[in-house]
Amino acid sequence: MKNNIWIACGGTGGHLYPGIAVAEVLISRGNQVRLIISKKPVDQSIMEEFPTIPTECIPMIGWPGWKSLKALLFFSAYLKTRRQLSALAAQEPPTLILAMGGFTSIVPLEIGNKLQVPCIIHESNVMPGKVTRLWADRVDRILVGWRETMDFLGEKKTQHTGTPLRHGLNRIQRTEAAKRLELDPHKKTVLLMGGSQGARSLNALMFDALPYFAKYRDQWQFIHITGPDDLEKGRHAYSPYGFSHKVFPYLHTIQDAYSLADLVISRAGAASLTEIAAFGLPSVLVPFPYAADDHQTHNARIFSDSGAALLCHQPERTPNARGAFATMIIDLMEDAARRKDMSSKAEKLFRGRAAEAVADVVEELHEMKTKAITVKV
């Protein structure tokens with residue numbers, strides 16, 4: 001029975017990169033894989049890095065809520081996606097569905113259920129998402145990025161694999177990272193990032209804090225990944241204070257930034273946290289306050305409770321709040337011993353070879369299904 005594995009993983013970099021990581025392992029082992037991704041620019045941009053991996057781009061969008069006028073667009077996109085993937089399944093029937101969560105997972109799981117092929121969900125967040133909760137009783141296995149997720153799902157059908165890390169994320173020498181980024185290897189470096197699509201309110205928080213850092217302009221430098229919407233603001237924000245800085249809408253070679261960073265200020269998406277842990281970086285985590293089920297706060301608490309990060313609930317844009325946030329950053333940047341301790345604790349949260357672990361489960365279930373069919377025949 002020929003393997004034809006669908007990996008539904010689009011919508012955000014946090015869903016897509018782990019899916020790509022698993023796909024690369026499965027392909028290297030001789031499996032046929034197809035990624036199911038969305039039409040969002042973030043998916044299209046990321047896949048330019050991986051032109052040899054087969055993909056199917058679907059019109060599906062995220063659920064906007066019943067009160068939104070976009071609810072009609074959602075159902076229209078859902079029906080179009082059903083027709084598209086049903087036609088694909090008729091031509092090349094999938095033999096297993098791996099869903100990495102998010103809205104691109106819904107229809108592939110439905111088709112897998114209809115065809116009675118093995119279905120697996122990988123849940124990267126501590127708090128299971130809507131797709132995971134909806135399908136938990138109907139899939140063959142649930143793989144989780146954090147052991148604490150089992151508190152919500154139980155241990156039946158659930159396995160802790162960690163979250164797959166994107167290929168090529170390896171630490172390089174600090175001097176080499178600085179050379180690539182055209183920055184100074186001797187200056188302390190703050191990295192701010194808001195996830196694959198940026199975070200405007202987090203950007204604004206940093207822009208507001210810059211005046212408080214002015215006296216450190218000869219000692220600190222900044223790498224700021226703004227997302228596309230705030231790129232111009234970011235490019236102009238640092239110049240008045242004389243900071244060395246690099247501003248990017250998105251950084252494909254994020255390993256360069258991680259290898260140079262002394263402190264990360266970040267949202268608390270599961271994929272970003274996996275990367276922060278992999279590089280053993282101290283961090284200040286500012287969860288997106290409107291994330292579904294406040295899942296980013298649950299993610300961040302794994303790090304803050306272990307002492308690997310400081311959890312900062314997004315402050316209001318008032319002078320007192322700006323000052324408190326800036327003081328938090330200054331205190332950490334001036335305390336090398338504390339950063340070293342946080343770094344050590346972050347490293348302990350990383351579970352390596354997660355992509356291989358997920359691929360092992362995929363092949364195990366595939367083999368079990370194949371044997372079951374052979375016995376029936």
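**Contacts, core and salt bridges**

Reply: Trp63 touches Ala71, Phe74, Phe75 and Lys130, leaving out residues up to four places away in sequence. Contact here means heavy atoms within 4.5 Å. This is a predicted model: local features need pLDDT of at least 70, side-chain atom pairs count only at pLDDT 80 or more, and totals for chains, interfaces and linings use all residues. Residues are numbered from 1 along each chain as its sequence is written, and side-chain values use heavy atoms, with hydrogens and water left out.

Me: Where is Trp63 found?

Reply: Trp63 is in the loop between strand 3 (55–58) and helix 3 (71–91). Helices (H or I, at least four residues) and strands (E, at least two) are DSSP runs, numbered from the N terminus.

Me: How exposed is Trp63?

Reply: Trp63 is partly exposed, at 33% relative accessible area. Buried means under 20%, exposed means over 50%, and partly exposed is in between (1.4 Å probe, protein chains only).

Me: Which residues form a nonpolar patch on the surface?

Reply: Trp63, Trp66 and Phe75 do, with about 380 Å² of accessible area together. Areas come from the Shrake-Rupley method with a 1.4 Å probe; for residues, only the protein chains shown count as cover. Patch residues have over 30% relative accessible area and no salt bridge; like charges are joined within 9 Å, nonpolar side chains (Val, Leu, Ile, Met, Phe, Trp, Tyr) within 5 Å.

Me: How far apart are the C-alpha atoms of Trp63 and Phe103?

Reply: They are separated by 7.4 Å. Along the chain, Trp63 and Phe103 are 40 residues apart.

Me: New topic. Is helix 11 buried or exposed?

Reply: Of the 9 residues of helix 11 (residues 270–278), 8 are buried, so the helix is largely enclosed by the rest of the structure. Among the buried ones are Leu273, Glu275 and Ile276.

Me: What comes just after helix 11?

Reply: Gly280 does, with a positive phi of about 60 degrees.

Me: How many residues are in the largest nonpolar core?

Reply: That core has 33 residues. Those with the most contacts inside it are Leu191, Met193, Ile223, Ile254, Ile276 and Phe303. Six elements each supply at least two residues of this core: helix 7 (174–181), strand 8 (188–193), strand 9 (220–225), helix 10 (254–260), helix 11 and helix 12 (295–306). A nonpolar core is a set of buried Ala, Val, Leu, Ile, Met, Phe, Trp, Tyr and Cys residues joined through side-chain atoms within 4.5 Å.

Me: What does Ile223 touch?

Reply: Its contacts include Leu181, Val190, Phe248 and Leu260, not counting residues up to four places away in sequence.

Me: On to charges. How many salt bridges does the structure hold?

Reply: It holds 16. A salt bridge is a side-chain nitrogen of Lys or Arg within 4 Å of a carboxyl oxygen of Asp or Glu.

Me: What does Glu275 meet in a salt bridge?

Reply: Glu275 meets Arg166, at 2.8 Å from N to O. The pair links distant parts of the chain: Glu275 in helix 11, and Arg166 in the loop between strand 7 (158–160) and helix 7, 109 residues apart. Both residues are buried.

Me: And what about Arg34 and Glu92?

Reply: Their side chains meet in a salt bridge too, at 3.4 Å from N to O. Arg34 lies in strand 2 (residues 33–38) and Glu92 in the loop between helix 3 and strand 4 (96–99), so the pair ties together parts that are 58 residues apart in sequence. Arg34 counts as buried at 16% relative accessibility. Glu92 is partly exposed at 29%.

Me: How many disulfides?

Reply: The count comes to 0. A disulfide is a pair of cysteine sulfur atoms within 2.5 Å. For Cys9, the nearest cysteine sulfur is that of Cys57, 11 Å away. Cys9 is buried, with a relative accessible area of 0%. Cys57 is partly exposed, at 26%.

Me: Last one. What is phi like at Gln116 and Arg353?

Reply: Phi of Gln116 is near 60 degrees, a positive value in a residue other than glycine. Phi of Arg353 is positive as well, near 55 degrees. Most residues other than glycine have a negative phi. Gln116 is exposed, at 60% relative accessibility. Arg353 is exposed, at 61%.
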